[in-house]
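Here are my notes on the model, as numbered points. Please read them with the structure open.

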Amino acid sequence: MLRITIAETLSEQRWTLEGRLVQPRISELKSTWMKTEIARRERKCVVDLTGVTFIDKSGEKALAGLSKEGAELIATAIYTRHVVHNIERKKSNRQP
């Protein structure tokens with residue numbers, strides 16, 4: 001199960017993800033991301049992974065895509081911090 005909660009302020013759109021970030025739930029995450037694109041336009045987007053318990057390869061790929069589009073990934077647990085660190089490292093290696 002994956003729960004997606006979105007809270008909005010004038011300056012920020014905060015996504016809170018809870019549960020397992022795995023197939024087939026990735027399509028739900030991507031669909032919701034695309035649906036909220038206009039609402040997110042000029043605001044900072046934060047994706048809080050504190051409640052995520054597991055991320056498979058497709059979940060890592062989806063998070064990398066969100067990060068590439070400007071989302072800030074927040075992780076507190078050792079496992080999710082490791083995943084986010086790897087995503088950010090790969091992202092910085094690709095940038096000139």
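1. Start with helix α3. Lys-57 and Glu-60 both sit in it, three residues apart, about one turn of the helix. Helices here are DSSP runs of H or I with at least four residues, strands are runs of E with at least two, and both are numbered from the N terminus. Lys-57 and Glu-60 form a salt bridge, with their closest N and O atoms 4.0 Å apart. The term requires a side-chain nitrogen of Lys or Arg within 4 Å of a carboxyl oxygen of Asp or Glu. Lys-57 counts as exposed because its relative accessibility is 66%. Glu-60 counts as buried because its value is 18%. The classes are buried under 20% relative accessible area, exposed over 50%, and partly exposed in between (1.4 Å probe, protein chains only).

2. A word on provenance. This is a predicted model, in which local features need pLDDT of at least 70 and side-chain atom pairs count only at pLDDT 80 or more, while totals for chains, interfaces and linings use all residues. Residues are numbered from 1 along each chain as its sequence is written, and side-chain values use heavy atoms, with hydrogens and water left out.

3. How many salt bridges does a search of the whole structure find? It finds four. Glu-72 and Lys-44 make one of them, at 3.1 Å from N to O. This pair links distant parts of the chain: Glu-72 is in strand β4 (residues 72-74) and Lys-44 is in strand β3, 28 residues apart. Glu-72 counts as partly exposed because its relative accessibility is 33%. Lys-44 is also partly exposed, at 43%.

4. Arg-14 and Glu-12 form another salt bridge, with the closest N and O atoms 3.2 Å apart. Arg-14 is partly exposed at 30% relative accessibility. Glu-12 is buried at 19%.

5. Look next at Arg-43, in the loop between α2 (37-40) and β3. Its side chain makes a polar contact with the side chain of Glu-8, at 2.6 Å. A polar contact is a pair of N or O atoms within 3.5 Å; within protein, one must be able to donate a hydrogen and the other to accept it, and residues adjacent in sequence count only if both atoms are side-chain atoms. A polar atom of the Arg-43 side chain also lies 2.7 Å from the backbone oxygen of Thr-9. Leaving aside neighbours within four places in sequence, Arg-43 is in contact (heavy atoms within 4.5 Å) with Glu-8, Thr-9, Leu-10, Ser-11, Glu-12 and Gln-13.

6. The largest nonpolar core has 22 residues. Such a core is a set of buried Ala, Val, Leu, Ile, Met, Phe, Trp, Tyr and Cys residues joined through side-chain atoms within 4.5 Å. Those with the most contacts inside it are Trp-15, Leu-17, Leu-21, Leu-29, Val-47, Leu-49 and Leu-63. The elements giving two or more residues to this core are β1 (2-8), β2 (12-21), α1 (25-35), β3 (44-55), α3 (57-68) and α4 (78-94). β3 gives the most, with five residues.

7. Which residues does Trp-15 touch, leaving aside neighbours within four places in sequence? Its contacts include Ile-4, Ile-6, Leu-29, Trp-33, Arg-40, Cys-45 and Val-47.
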